[in-house]
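Good morning, and thank you for making the time.

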Amino acid sequence: MIKNYFRPKTIDELSELKYKTNGYLFSGGTDLFVKLRAGIIDTDTVIDTKYLDTKGIEIKDKKLFIPINATYNELRYFIKENKLNNILEDIVKTIGSPMIRNRGTPVGNISNASPAGDFVLASYLFNAQILIEPSSKKIPIKDFIKSPGQINLEQNEFVYGIELELLTDYKFYFEKVGRRNAMIISIASIGILIKEEDNKINDIRIAFGSVAPTILRDENLEKTLIGKTIDEELFKYLANEYQKLSSPITDVRATKEYRKSLVHNLVIKAYNNLFEKVVR
Amino acid sequence: MKEVTRKIPKKDALGLLLGKPVYTDDLAPKNSLIVKLLRSPHAFAKIKNIDISEASKIEGVECILTYKDVPRNPITRAGQGYPEPSPHDWYILDEYVRYVGDEVAIVAGKDEKCVNEALKKIKVEYEIFEPVLDFEKAEGHPSIIHPEKETHPMFEIGFDAQKNIAASYEMEIGSVEEELKKCDVVISERFYTQAQAHVAFEPHTAASYIDMHGRLIIISSTQVPFHVRRIIAEAFDIPIKNIRVIKPRIGGGFGGKQAVHGEPFVAAVTLKTGKPAKIVYTRQEVFEATYSRHPMRYDITLGASKDGKLKVIDMKGLSDTGAYGEHALTTFMVAGSKTLPLYNKVDAVRFSGKVVYTNKVPAGAYRGYGAIQGNFALESAIDMLAEKLGMDPIEFRKKNMIREGETSPIFKIMGEGREGVDMIVRSCKLNECVEEGMKLINWKEKFPRKKISETKYRGVGMAIAMQGSGIANIDMGAAVLKLNDDGSFNLLIGATDLGTGSDTILAQIAAEVLNVPTEDIIVYSSDTDLTPFDVGAYASSTTYVSGNAVKRAAEKMRKLIIKEGALKLGLDESNVDFDGKYIYEKNGSKKVSLKELATVLLYTENQKQLIADASYVGEESPPPFMAGFAEVEVDIETGKVKLINYIAVVDCGVTINPNLARIQVEGGLVQGIGMALFEDVKYSPNGKLLTNNLMHYKIPSRADIGNIIVKFVESYEPTGPFGAKSVAEIGIDTPPAAIANAIYNAVGVRIKTLPITPEKVLMSLNNK
């Protein structure tokens, strides 16, 4: 049961409170309070981060910076205003419901470190750097997330923001397969970014959600693809490779066999949508 | 008609929208003790010992009751006609727990906090048994779920507790085996349906207190207040006269509240402590410990001649009633009685099978009540047979389906829990429904499929359905009309508006007879002290059964007004008429307004209260019919099915209020679509329901149900009030089969186990 509620205003104050109380940080509460009620999290201390003085979402050094407390809806608005990468908008608009997007935050999503986290997938695709305070260090998302629910943080540390690359001239495809069309957690998801040059791959990033303990992305495999001709054969090869790399589980949403099939088919589907007849 | 067919909003709509305090939890006494239940973590166990000593010491805890503290009378929670066709196999509390969620102890205290604390401190020792979790292995399983000798049926229902059989049934007309030999084409297929949850917005809620006379008053979110009164009396050995049940506004029931759930537990606390008590089920409790739909398995054999005449239907079923046998036999029989008459020209028909106990969440009533399970199996099989015959599935249906003025031997043989009633279908526009639906979905253009891209296919599919209008010769509804001094009327009805709008349409029926505006009819439902008896809101009965009672009561009231008006005017009754405003001389100028007559009757002249009552029992149960058409788009890379259009063309006779009839059909369709595509039910290996919240149990969202078009064909049921039949359930029946047929037509994959998840579609495509 919650007995202590704090409203720190500065980074140091927040850090100290977190260190002393080991309390849970609370911004939107869309995940925290669900888990508290379900008894998955048991804490007596909640630290409300919404009173921290932050600047809001901004572009700096050609990167998109999403600070703590920025909500999905604020991010969508920013993307629209500044005409940024549409794939990010494609991903964010599938998260939860309008009510959830009004409260929930990207920083909260990556801190939960769920392999089904849609913003976690986006962070992998855009080579996110996680800004951690009070140490002011930046670590890549793949080093920040250790395993499902486990993140790389000291007790006095917290995530202050996420820095995403701003990419132009990339083709993209995102799909989230769930049990229905809205308010779902993915059974499997795929995000692909491709930059092409003369029908050859100049850069490619492929990430999958919900098919491994963390987001599945293989940068070594991606590197071997640079310079390759974009054709069906290549994507069939990729479909098989990623199917081998995936290690899904069976849960209440779907079986691992179905997820394995989806990994394969979603790669082909992405190809069909990006380079063949596009019907969405 | 002036009032009937008026599209007026529900009488309670504004109050509900404004958030007025009208539900059970709002009306429970403010000083109610909070009641919660300790529930079993085991699927099947015997309580060896319960230690409540530590829990009782917690401050604020008022009482903790175990099976040792409450009467042990076998009852059924099912609110049905009496004697009930459900076995009496349930006890307020028992030393056996038969599913994860079964009640172990009742805890009452001053607030939620102390009660929750106490729940944690009760120590229970269990002797754990091997549970029966697979309904196909329940019969003859070494674990006997109801070993106790007190459990019994009230009459012969094929009950055999020693074999875990709650009910069984068999009937045959003609010789299935002989006729099958004569058929040119025969198919045999097996289908499964799942334990769908109702997901009413308002969770099950009950409150109780003792009034100044020492009577037990229960406020309950129930579809069946009069049955609740009878069942509670039986469970606690107290006279019916000492119980009053009040039904306030209800936030949906769909069959899930056609039973007692929280009522016995608050009653136990109030009877023990003398204090008010209330229970509000959590969403998890609603999923885990109320009711679900009966999961069923059907083996269907159909036989036809080359020219497309359906000659034989054989349906062999197995139904899973969970830990208790509520509605076990009746839902099972309805799977036959509300599907088989659709094809009334067969030479032989058989329906047989068993309803078994398992250590799972009990099954009970749910909109469709067996008909949807049977419809999925039969209407899927009909498409498969038509394909084998090389016939268009619609042509095949038209050749074989029931028409107006025809009958079916099923009506007489199969009722609900007993024999049915012979009847001729006086109104049946099924053919018109099919024709209209074909036009609206553009069947000729779209059947069977269209390729949208290399990976997406669209297909259309359809199914026909029937339901009933109450249970003939069993369901009774009564109404009382009372004239007030301003010329308005109180309409007192036992019929239970649970969000359907039945209060409104019953007022419209009374207003039509009296030729007054519906706004002058003040409706009150339902209260066992104040309103006349009605079996309650189930079996699509209210419009037809209660509606006929209201119509009769209004006709009597009209006669009374004419009689008293004639006296007032000094004329002979035969020379007087009533137009809704005035009682007037037919061939003259004398008249008196209804308002004036009403006032003098109460205060000055010939003083009396005008009151009229009537009861109605259907001698038949005229079926509403419909044709449902689905258009789906299947993504063969993910197996996802997108429902593009769903067309429902319905014959429910005259729609008393077309808007309210439409939302009944729309709501039914959405639940049917949910059962068809989304609502998956999963258990852990040790018998705990995993899909016990709205995160894991997916009902369709608005983005999932595509475009829904509901159309009513012109129809008139001569025995119904102003030509009406009931409409509550018919909308739910067709989506599972119509969508399954559409998916097959789109991509050639036949899914025979509900729900049709993307996973099943993709895996079937992979195996093709």
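Setting aside neighbours within four places in sequence, Lys121(B) is in contact with Glu54(B), Ala55(B) and Ile58(B). By contact I mean that the C-beta atoms of two residues, placed from the backbone, lie within 7 Å. Before I continue, please note that this is a predicted model: local features need pLDDT of at least 70, side-chain atom pairs count only at pLDDT 80 or more, and totals for chains, interfaces and linings use all residues. Residues are numbered from 1 along each chain as its sequence is written, while chains are lettered from A and ligands numbered from 1 in the order in which they are written.

Lys121(B) belongs to helix H4 (residues 112-121) of chain B. Helices (H or I, at least four residues) and strands (E, at least two) are DSSP runs, numbered from the N terminus. The scheme calls a residue buried if 20 or more other C-beta atoms lie within 10 Å of its own, exposed if 12 or fewer, and partly exposed in between, with C-beta atoms placed from the backbone.

Let me turn to the strands. In strand E5 (residues 103-109) of chain B, 7 of the 7 residues are buried. Which strands pair with E5(B)? Strand E1 (residues 33-39) of chain B pairs with E5(B) in the antiparallel sense over 6 bridges, and strand E3 (residues 61-65) of chain B is joined to E5(B) by 4 bridges, also antiparallel. Pairing here requires that DSSP find at least two bridges between two strands. Within these pairings, Val35(B) stands opposite Ala108(B), and Leu65(B) stands opposite Ile106(B).

E1(B) is itself mostly covered, with 6 of its 7 residues buried. E1(B) also runs parallel to strand E12 (residues 277-280) of chain B, joined by 2 bridges, and Leu33(B) stands opposite Ala277(B) there.

Now the chain as a whole. Chain B contains 20 helices and 29 strands. Its radius of gyration is 27 Å, close to the 27 Å that the globule rule gives for 768 residues, so chain B is as compact as a globular protein of that length. That radius is taken over C-alpha atoms, and the rule is 2.2 Å times the number of residues to the power 0.38. The C-alpha atoms of chain B fill a box of roughly 85 × 75 × 50 Å along the principal axes, and 60% of its 768 residues count as buried. Of the contacts in chain B between residues at least 6 apart in sequence, 79% join residues at least 24 apart.

The domain assignment, which is automatic or comes from a database, divides chain B into domain 1 (13-129 + 201-252 + 257-289), domain 2 (292-471 + 620-766) and domain 3 (476-617). The centres of domain 2 and domain 3 of chain B, taken over C-alpha atoms, are separated by 39 Å. Their contact takes 19 residues from domain 2 and 18 residues from domain 3. On the domain 2 side these divide into 9 nonpolar, 8 polar and 2 charged. In this classification Ala, Val, Leu, Ile, Met, Phe, Trp, Tyr, Cys and Pro are nonpolar, Asp, Glu, Lys and Arg are charged, and the others, Gly among them, are polar.

The largest nonpolar core has 323 residues, and Ala479(B) is one of those with the most contacts inside it. Such a core is a set of buried Ala, Val, Leu, Ile, Met, Phe, Trp, Tyr and Cys residues joined through C-beta atoms within 7 Å. Beyond four places in sequence, Ala479(B) touches several residues, including Leu491(B), Pro532(B) and Ala614(B).

Finally, the partner. Chain A has 11 helices and 13 strands, and 41% of its 280 residues count as buried. The contact between the chains takes 24 residues from chain B and 18 residues from chain A. Helix H20 (residues 758-766) of chain B supplies the largest share of the chain B side, 5 residues. By class, that side has 8 nonpolar, 8 polar and 8 charged residues.
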